[in-house]
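Open the structure in your viewer and keep the selection tool at hand. The tour goes from one selection to the next and says what is there.

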Amino acid sequence: GSPRRVNEFLWESTSPDAFLALLLRQHQADVLFVTHTGIPWQRRLPAALGGGLVVNVGAIGRPANDGRTAVWYTLLQHDPAAPDGLRARFIAVDYDFERLAAQMAAEGLAPEFITTITSGHWTTCLEILPARERSRGRY
């Protein structure tokens with residue numbers, strides 16, 4: 001979520017720079033890490049808005065609706081060439097998704113949850129995806 005609420009989804013396509021700058025100011029932060037959407041993204045805010053870096057770190061446990069079965073984590077590194085000296089890198093984690101799918105089936109989870117794991121495309125929660133993020137998927 002966001003610093004305000006765990007269930008406030010900050011999607012790349014629907015999070016205006018001015019709103020992200022407000023969150024940074026309200027929390028006296030130069031960098032803001034958010035999550036819960038499962039789709040990683042980052043944005044450097046313009047100096048006119050106070051600058052700053054906002055990073056949606058992705059999620060371990062759900063693919064990014066991009067057709068890959070990997071999940072993602074984010075590594076923040078010092079980068080003297082970056083305006084704020086920081087660089088966020090998204091790192092894919094390949095794992096035994098077939099084993100997870102088999103375990104999910106053995107637990108009796110709904111097939112659409114399993115399909116998300118095996119296809120890399122979301123089959124649930126599509127109603128919360130903005131159009132741009134949804135268009136990256138299959139469903």
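The model is predicted, with local features needing pLDDT of at least 70 and side-chain atom pairs counting only at pLDDT 80 or more, while totals for chains, interfaces and linings use all residues. Residues are numbered from 1 along each chain as its sequence is written, and side-chain values use heavy atoms, leaving out hydrogens and water.

Next, select helix α3, residues 111–119. Helices (H or I, at least four residues) and strands (E, at least two) are DSSP runs, numbered from the N terminus. The buried residues of α3 are Ile 114, Thr 116, Ile 117 and Ser 119; buried means under 20% relative accessible area with a 1.4 Å probe, protein chains only.

**The largest nonpolar core**

Select Leu 10, Leu 20, Ala 21, Leu 23, Leu 24, Leu 32, Val 34, Trp 41, Leu 45 and Val 54, the 10 residues of the largest nonpolar core. Such a core is a set of buried Ala, Val, Leu, Ile, Met, Phe, Trp, Tyr and Cys residues joined through side-chain atoms within 4.5 Å. The elements giving it two or more residues are α1 (17–26) and β1 (31–34); α1 has the largest share, four residues.

**A threonine in a strand**

Finally, select Thr 74 in strand β4 (residues 71–78). Is Thr 74 buried or exposed? Thr 74 counts as buried because its relative accessibility is 19%. Its side chain reaches the backbone oxygen of Val 57 at 3.1 Å.

Notes
Buried < 20%, exposed > 50% of the residue type's maximum accessible area, 1.4 Å probe, protein only. Polar contact = N/O pair within 3.5 Å; in protein donor to acceptor, adjacent residues only side chain to side chain.
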